[in-house]
Amino acid sequence: MKILMKGNIALCEGAVAAGIDAYFGYPITPQNEVPAYFSKKMVELNKVFVQAESEIAAANMVLGAAATGKRTMTSTSSPGMSLKQEAISYMAALQLPALIVNVQRGGPGLGNISGSQADYFQAVKGGGHGDYRLIVLAPNSAQEMYEFAYDSFDLAEKYRIPVLILTDGMIGQMMEPVELNKTPKKDFIEKDWALTACKGREPRSIKSLLMRDGVLEKHNINLQEKYKLISQNEVQYETYNTDNAEIIVIAYGISSRIAKSAVKLARQEGIKAGLLRPKTLWPFPSEIIKSLAKDGTKLLVAELSHGQMVEDVRLAVNGKVPVEFIGKAGGGVLSEQDLLNKIKNLK
Amino acid sequence: MQKILSKPESLKDSVMSYCPGCGHGIIHRLVAECIDELNLREKTIAVAPVGCAVFAYDYFNFDVTEAPHGRPPAVATGIKRTNPDKFVFTYQGDGDIAAIGMAETIHAANRGENITTIFVNNANYGMTGGQMAPTTLIGQKTETSPFGRDPKRDGYPIHLCELLSSLEGTAYLERVSIYNPQNIIKAKKAIKKAFQCQIDGKGFSLVEIISNCPVDWGMTPLESIKWTEETFLKEFSLGVIKDKTNV
């Protein structure tokens, strides 16, 4: 049975089905449904909800709970995401699994409260200090908000890495029918690294200050090996009408919904258009993009920014085919017609 | 030969990186003795700061995590809320707790988080080479107040215990020192009482320990002890600031 709900609520339902132990958050639009939901739900479940004094504190509370092996998350929107970067860099270094959600709004600065996709660089290129990666998931529907939140904890624990769901104000606020079809998770495996107090074992420490000669270098090499493994195993994407396509639109999140409509309209007009939608922004689906970039094909990247993911697409095709861009930033959305016109111009 | 005094089980057999004459070694031992005497070692998850005690996880013989600078109270909140049966304490310096982490400190205290904080006040940023701290005295010369702390430019020393005492969530606040054996005994009693406060579920407890930093103060250890007694303690008077443990 499908239930009509906002994307932000579907996300919460997914986290609850995944067995979340603790939510720490701070109010910011357009993600306010998330802390409001957990403030009620966690009481019912006898689990932890804390409204922190800041995004900084919320992210560090997640760090603390994650260090003890608990399933924990925080959510925010763009300006708050900047504040969380300190703890995220530490969690990447400390190899702590957790879920962080950014319901993007217009920026830079305080921007506005409409949906946006301008935090792509921050999400996939680091965000905080140091040489690290997050697994970045990009849902494009309320259903995927539910499913990605559900899967993210297993993924985070499998690789001991923070997972970021990069969504936007439109996906978060939009109401859609959602099938809550996941089996609630329980009976989690014990984590042999978690701080659970040292009864019957040697004490453990969780630290990232590695001062002795070569130790930090080795730690970084280990992280990179893990990232390589994730790149090999965890790329997710969706293709639509790409088989004989001459123009392939590449878009994620809310933009992919608009792009799909534009591709359908283009097909009706006899234009061989297709869509590639990355579901993981890191690891990025570079290989499939490379293989789609055949001679005579043109790629068109559509984003609600002035061009961020387009850089990764250009890196993937390495000059083999033209990569065009269409974008809009500042809280508005591209229309189907905007995209269709661009596709026609490329023909 | 009979052994009459042992190293606490809660201290590892490691060489500490503290400077000669520094108070941290004494304070670590007092904390470890209290943990042992209250039989808490196998229930403890501690949070180390950024600052001189950053390597605390290498010295304490129980579970310890690191925290970003100033964030131990938030990290400890995350630990304690999800593990209410565990004993959780933070170990922090003056810059960590009262400058960069002041928001986390005040709000953890105000929520009445059932955790304990060991706050080592040595009136400067020791780890980074002796810069002005929120607790640096008026007129005190540091790396970044070379002509002495000037309140017109730098503000005044923060009295954290007094500041926190107005918050309902704080249950026990005491300021102690370790400049002589008599005060070391008092400091240990205060730490033990603060730990007991958490065991009894009374809420936020904090012990501020006035300590010495001879190297960054540019003094010999003996001079630093004399300065603590004659100057430092004139600004920061010792005693129980707040005690709601019997309520």
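The paragraphs below lead through a predicted model, beginning with the domains of chain A and ending with some local features of the backbone.

The domain assignment divides chain A into domain 1 (2-233) and domain 2 (237-346). Taken over C-alpha atoms, the centres of these two domains of chain A are 28 Å apart. Where they touch, domain 1 of chain A contributes 25 residues and domain 2 of chain A contributes 22 residues. On the domain 1 side of this contact, at least two residues each come from α5 (120-124), β6 (135-137), β7 (162-168), α7 (169-173) and α8 (215-233) of chain A. The greatest share of that side is given by α5(A), with 4 residues.

The interior may be considered next. In soluble globular proteins, nonpolar side chains tend to be buried together. The largest nonpolar core here has 184 residues, and the members that touch the most others are Val62(A), Leu99(A), Val136(A) and Val249(A). Helix α3 (residues 55-67) of chain A is the greatest contributor to this core, supplying 10 residues. Because domain 1 (2-233) and domain 2 (237-346) of chain A both give residues to the core, it lies between them. As for Val249(A), its contacts beyond the neighbours within four places in sequence are Ala259(A), Ala262(A), Val263(A), Ala273(A), Leu275(A), Leu300(A) and Ala302(A).

Helix α3(A) also packs against another helix of its chain. Two packed helices are described by the angle between their axes and the distance between the axes. The axes of α3(A) and helix α4 (residues 78-94) of chain A come within 7 Å and cross at roughly 25 degrees. This angle is under 35 degrees, and α3(A) and α4(A) are therefore roughly parallel to each other. The crossing of α3(A) past α4(A) is right-handed. Among the residues that make the contact are Ile56(A), Ala59(A), Val62(A) and Leu63(A) of α3(A), and Leu83(A), Ala87(A), Ile88(A) and Met91(A) of α4(A).

Chain B meets α3 of chain A through its helix α5 (residues 102-110), whose buried residues are Glu104(B), Thr105(B), His107(B), Ala108(B) and Ala109(B). These buried residues of α5(B) pack against α3 of chain A and also against elements of chain B, including α3 (72-82), α4 (94-100) and β5 (170-177). After α5(B) comes Gly112(B), which has a positive phi near 65 degrees.

Within strand β1 (residues 2-6) of chain A is Met5(A). Met5(A) is buried because 21 other C-beta atoms lie within 10 Å. Apart from neighbours within four places in sequence, Met5(A) is in contact with Ala10(A), Ala142(A), Met175(A) and Val178(A).

Some backbone features remain. Most residues other than glycine have a negative phi, and most peptide bonds are trans. The bond from Gly107(A) to Pro108(A) is cis, with omega near 0 degrees, and Pro108(A) belongs to the loop between β5 (98-104) and α5 of chain A. The bond from Trp282(A) to Pro283(A) is likewise cis, with omega near 0 degrees, and Pro283(A) is in the loop between β13 (280-282) and α10 (286-292) of chain A. Arg160(A), which is not a glycine, has a positive phi of about 50 degrees; this residue is in the loop between α6 (142-159) and β7 of chain A. With 16 other C-beta atoms within 10 Å, Arg160(A) is partly exposed. In chain B, Asn39(B) has a positive phi near 60 degrees and sits in the loop between α1 (24-37) and β1 (44-48). Asn39(B) counts as exposed, since 9 C-beta neighbours lie inside 10 Å.

Definitions and conventions
Residues are numbered from 1 along each chain as its sequence is written. Chains are lettered from A and ligands numbered from 1 in the order in which they are written. This is a predicted model: local features need pLDDT of at least 70, side-chain atom pairs count only at pLDDT 80 or more; totals for chains, interfaces and linings use all residues. A nonpolar core is a set of buried Ala, Val, Leu, Ile, Met, Phe, Trp, Tyr and Cys residues joined through C-beta atoms within 7 Å. A residue is buried if 20 or more other C-beta atoms lie within 10 Å of its own, exposed if 12 or fewer, and partly exposed in between; C-beta atoms are placed from the backbone. Domain bounds come from an automatic or database domain assignment. Two residues are in contact if their C-beta atoms, placed from the backbone, lie within 7 Å. Axes are lines fitted to C-alpha atoms, for helices over the stretch in contact, and angles run from 0 to 180 degrees between N-to-C directions. Angles under 35 degrees count as roughly parallel, over 145 as roughly antiparallel, 65 to 115 as roughly perpendicular and the rest as oblique. A crossing is left-handed if the near helix is turned anticlockwise from the far one by less than a right angle, and right-handed if clockwise.
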